[in-house]
Amino acid sequence: MSRAEATKARILHAATEEFAAYGIAGARVDRIAKAASANKNLIYVYFCNKDGLFDAVFDAHLGRGLDLVPFTPDDLPDYAGRLFDHYQKHPEVLRLATWHRLERGTAVEHPAAAEPARMDKLASLEAVRKDRGGTPGFAPATLLTLVLAIASAWSPTNAASMPATSVLASDPADCRNAIVEAVRRLL
């Protein structure tokens, strides 16, 4: 890895922490540069501005990052469980997605970074639906939305999640089992 690539990687790592904690408006380029041990001007050279840096972080975590959780349209309960596991290991993913929704609003219905993967998932769900003889049920877009919502049920970014003191929320294995069962029943 070249020195420039290493610096860029440090900036992206520091920016991930900063944006996850403070959002786009609250993030400070000075703090990112300091945490990355990088010259502040390099952020502008590599990413143009703070919004460009957020887009790069968002793309890394939601566009390419969710590819780490293979989509299994014929086994959505397991997929939801694996998404839950991913969110447990990488809480910044849901925080970044929440900040994106809050600060970018509905101007971008589906972020460009996540759109190709989303479209592939919808096509896969439709193919499974056709293979099963057009089984009645939720449309692919609705089904995907529900599965994603269930998988993130115990995220701190979910206003409806149970407090950490509840019996179920205190044990991640119980939460995961409930998510898998909920998706199974949904189907």
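Figure 1. At 27% relative accessibility, Asp85 comes out as partly exposed, a label for anything between buried (under 20% relative accessible area) and exposed (over 50%), using a 1.4 Å probe and protein chains only. Keep in mind that this is a predicted model: local features need pLDDT of at least 70, side-chain atom pairs count only at pLDDT 80 or more, and totals for chains, interfaces and linings use all residues. Residues are numbered from 1 along each chain as its sequence is written, and side-chain values use heavy atoms, with hydrogens and water left out. Arg176 makes a salt bridge with Asp85, the closest N and O atoms sitting 2.9 Å apart. This pair ties together distant parts of the chain, with Arg176 in helix α10 and Asp85 in helix α5, 91 residues apart. Here a salt bridge is a side-chain nitrogen of Lys or Arg within 4 Å of a carboxyl oxygen of Asp or Glu, and by this rule the count comes to nine. Helices are DSSP runs (H or I, at least four residues), numbered from the N terminus.

Figure 2. Arg185 and Glu181 meet through their side chains in a salt bridge, 2.8 Å from N to O. The two are separated by about one helical turn because they are four residues apart in helix α10.

**Figure 3. Arg104 and its two aspartates.** Side chains of opposite charge can pair when their charged atoms come close. In this view, Asp51, Asp55 and Arg104 are linked in a network of salt bridges. Asp51 and Arg104 form one, with their closest N and O atoms 3.6 Å apart. That link joins distant parts of the chain: Asp51 belongs to helix α4 (residues 50-64) and Arg104 to helix α6, 53 residues apart. Arg104 also has a 2.7 Å polar contact with the side chain of Asp55. A polar contact is a pair of N or O atoms within 3.5 Å; within protein, one must be able to donate a hydrogen and the other to accept it, and residues adjacent in sequence count only if both atoms are side-chain atoms. Asp51 is partly exposed, with a relative accessible area of 39%, and Arg104 is partly exposed too, at 23%.

**Figure 4. Who else touches Arg104.** Look for Arg104 in helix α6 (residues 92-104). Setting aside residues up to four places away in sequence, Arg104 touches Ile24, Asp51, Phe54, Asp55 and Trp99, where contact means heavy atoms within 4.5 Å.

Figure 5. His86 is buried, with a relative accessible area of 9%; its contacts, leaving aside neighbours within four places in sequence, are Gly65, Leu66, Leu68, Val69 and Val93. Pro77 counts as buried as well, at 11% relative accessibility. Not counting residues up to four places away, Pro77 touches Val180, Val183, Arg184 and Leu187. Its C-alpha is separated by 7.8 Å from that of Ala182, 105 residues apart along the chain.

**Figure 6. The covered side of α8.** Helix α8 (residues 140-151) has twelve residues and reaches 16 Å from its first C-alpha to its last, close to the 16 Å expected at 1.5 Å a residue; the expected span is 1.5 Å times one less than the number of residues. Its buried residues are Pro140, Leu143, Leu144, Val147 and Ala151. They cover an arc of only 100° around the axis, so they sit on the same side of α8. The arc is that of the directions from the helix axis to the C-beta atoms. Among what covers these residues are α5, α7 (115-131) and α10 (172-186).

**Figure 7. Ile32 in the largest nonpolar core.** Of the 42 residues in this core, Ile11, Phe19, Ile32, Ile43, Leu53, Leu76 and Leu96 touch the most other members. A nonpolar core is a set of buried Ala, Val, Leu, Ile, Met, Phe, Trp, Tyr and Cys residues joined through side-chain atoms within 4.5 Å. Neighbours within four places aside, Ile32 is in contact with Ile11, Ala14, Ala15, Glu18, Phe19, Ile43 and Leu53.
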